[in-house]
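Hello,

Here is the structure I promised to pass on. My notes follow below it.

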Amino acid sequence: MTTATDYDDLLWMRRALDLARTVMYTTAPNPRVGCVIVRDGRVLGEGATQPPGGPHAEVCALRDAQARGETVAGATLYVTLEPCSHHGRTPPCVDAVLAAAPARVVVAIGDPNPLVNGQGLARLRAAGIAVTTGVCQEEALALNAGFISRMSRGLPWVWMKMAASLDGRSALHNGMSQWITGPQAREDGHRWRARSCVVLTGMGTVLKDDPQLNVRGVETPRQPRKAVVDGGFAIPETARLFDGAEVIVFTAREDAAKARRLEQRNARIVCLPGETAGKVDLPAMMRWLAREQFNEVHVEAGAGLSGALVSAGCVDELLLYLAPVLLGDAAGMVRLPLLEHLDGARRYAFIDTAAIGPDLRLRARVEASWQQLLQRVALPDLG
């Protein structure tokens with residue numbers, strides 16, 4: 001039976017999630033976290049995690065309560081991620097929470113960081129504070145799938161953005177693809193670029209479109225990094241993406257002289273040869289990105305690299321914009337090996353559909369990847 005407390009928990013946790021969304025572009029590599037402190041239906045303080053080196057959500061909310069002249073003792077604290085229990089750039093949040101002495105702490109998801117991983121909640125319970133977990137669990141995970149993936153799988157969360165016609169065509173036979181979808185869909189795509197840590201493309205796209213790979217037309221306090229998969233290290237040194245921002249070039253071929261020249265233009269050359277000559281080891285590339293603290297990867301590439309990433313099991317989610325047009329005999333979105341049986345098809349679970357101007361945005365993910373993350377953030381609710 002749903003109780004009044006359950007309704008209150010949903011209400012205030014959703015408020016905490018809204019606070020977390022206000023820092024969508026600023027917390028990486030840390031998670032996006034919101035916190036609200038409540039007593040008798042009244043907000044005492046609230047806050048969201050600040051950029052790296054700044055206070056976390058719980059400390060921001062406690063400081064807000066202090067600035068309002070409120071005492072937190074005996075109140076209920078709602079937070080979207082388990083309070084940290086280790087010294088990083090800032091002291092442990094759980095220490096600040098314990099000092100404030102709330103009667104109850106409600107947490108959406110656990111933190112699989114080995115330095116946390118249930119220890120924060122254990123300390124709260126040991127101090128006699130009631131703890132409730134799992135409120136708005138999936139919504140909280142969706143905000144931080146990249147951070148949770150990096151901490152639990154050693155991989156970033158990867159989505160692949162594509163634009164296509166109703167018959168699944170991404171370009172005409174002559175390569176023309178600008179623009180299949182409308183301006184609203186393109187702007188929405190840039191919002192997804194903005195929330196990512198890095199925008200990844202391939203050499204085919206660099207040669208065909210000479211892209212900038214930056215966020216345009218959308219307000220963002222920071223630009224994601226840029227990355228190119230370039231097995232043959234053939235990237236033109238005059239490419240527009242070399243605009244002063246850091247560019248990571250993943251290659252399978254050593255060329256020390258070219259590497260030195262590109263490094264002068266703020267390029268970082270990472271050589272990761274795969275088993276096939278001239279090809280980058282794509283799973284190793286994803287592991288490298290995780291080690292470098294990239295939480296979310298936004299892929300915008302041609303059919304070749306898109307298919308290679310899917311085939312290598314490197315894509316967790318599809319972000320597809322469908323235009324209400326038919327293009328007929330034209331280029332497809334993803335180049336995959338020919339199948340003889342449907343059992344070999346790669347399957348996804350639809351998670352969202354939305355009209356974006358005249359176009360339709362579809363989101364689908366690898367359900368096994370999502371369930372793996374859910375298992376890692378689930379916490380026993382011991383009351």
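**The sheet and its edge**

β15 and strand β16 (residues 359-365) run antiparallel to each other, paired over 7 bridges. Strands here are DSSP runs of E with at least two residues, helices are runs of H or I with at least four, and both are numbered from the N terminus; two strands pair if DSSP finds at least two bridges between them. Across this pair, T353 stands opposite L362 in β16.

Both belong to an open sheet of 9 strands with mixed pairing, in the order β11-β10-β9-β8-β12-β6-β13-β16-β15. Since β11 (267-271) and β15 (349-356) are at the edges with a single partner strand each, one side of each has no neighbour in the sheet.

The model is predicted: local features need pLDDT of at least 70 and side-chain atom pairs pLDDT 80 or more, while totals for chains, interfaces and linings use all residues. Residues are numbered from 1 along each chain as its sequence is written, and side-chain values use heavy atoms, without hydrogens and water.

**The cavity**

How many cavities of 30 Å³ or more does the structure hold? There is 1. A cavity is a set of points, on a 1 Å grid over the protein atoms alone, where a 1.4 Å probe fits but cannot get out; lining residues have an atom within 4 Å of a point. The largest cavity holds about 60 Å³ of space, taken as the space filled by probe spheres set on the points, which are joined across faces, edges and corners. Its lining includes R32, F147, R195 and E296.

Best wishes

Note on methods: 1 Å grid on protein atoms, 1.4 Å probe; cavity = no way out; pocket = protein on both sides within 12 Å on 5 of 7 lines; lining within 4 Å.
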